[in-house]
Every structure is written in C-alpha cells, then in structure tokens.
Amino acid sequence: MEANPRAIAHFGRASLQRSKTDRLGSETILEFAVRMPFDPWSPPAPRILELRALSRRIEAPELMSRLYHGRKRHSASRSAAAP
C-alpha cells in the first residue's frame with residue numbers, strides 16, 4: 001500500500017496528534033492504514049490515454065501562443081518604462 005504523506009499528516013492532525021516522534025509517527029501511519037479504505041490504482045484504459053494525448057496536442061499551440069504573447073507584452077511594458 002502506498003499513501004500520500006500529506007494525507008497521513010492531515011490524518012494525524014485530525015487525530016489531534018501534535019508531537020512528532022518516530023514512535024508516534026509510525027503509530028499514526030499504522031492507524032491510517034487500518035482506518036482508511038485501500039483503493040488499488042489501475043492504469044487508465046488505452047483509449048483514455050489516446051484521448052488525453054490528443055486533447056493535449058490540440059491545446060498546446062494555443063497555450064504556447066498565450067505564453068509567447070504574454071511574455072512579449074511584459075517585455076514591451078518593461079522596455080517602455082526604462083529610460
């Protein structure tokens with residue numbers, strides 16, 4: 001089982017655990033593993049991965065254009081302000 005360290009930390013805070021020692025940390029991890037349901041990860045279906053890649057390819061030129069023009073505007077405003 002793999003768990004997100006931040007989730008375990010929040011679990012410890014919700015349990016009103018304020019101290020940080022190795023023993024208390026290991027007890028918190030154990031309690032987290034016992035109480036929280038385990039959902040095994042399964043990879044996305046190949047069709048989902050294909051759709052995700054396609055949508056990223058469609059959005060990439062638009063994103064690059066926005067970044068380029070935003071930087072260009074920023075650069076122009078800086079050079080206009082310089083003496």
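Helices (H or I, at least four residues) are DSSP runs, numbered from the N terminus. The model is predicted: local features need pLDDT of at least 70, side-chain atom pairs count only at pLDDT 80 or more, and totals for chains, interfaces and linings use all residues. Residues are numbered from 1 along each chain as its sequence is written, and side-chain values use heavy atoms, with hydrogens and water left out.

Two salt bridges (a side-chain nitrogen of Lys or Arg within 4 Å of a carboxyl oxygen of Asp or Glu) were found: the structure holds 2. Side chains of opposite charge can pair when their charged atoms come close.

Accessibility was classed as buried (under 20% relative accessible area), exposed (over 50%) or partly exposed (in between), with a 1.4 Å probe and protein chains only. Arg35 has 56% relative accessibility and so counts as exposed. Glu31 is partly exposed, at 32%.

Arg23 and Glu27 also meet in a salt bridge through their side chains. The N to O distance is 3.4 Å. Helix α2 spans residues 22-35 and holds both Arg23 and Glu27. Their spacing is 4 residues, about one turn of the helix. Arg23 is exposed, because its relative accessibility is 61%. Glu27 reaches 38% and is therefore partly exposed.

Glu27 was also compared in position with Gly12. The two residues are 15 apart along the chain, and their C-alpha atoms are separated by 9.6 Å.

Methods:
Helices (H or I, at least four residues) and strands (E, at least two) are DSSP runs, numbered from the N terminus.
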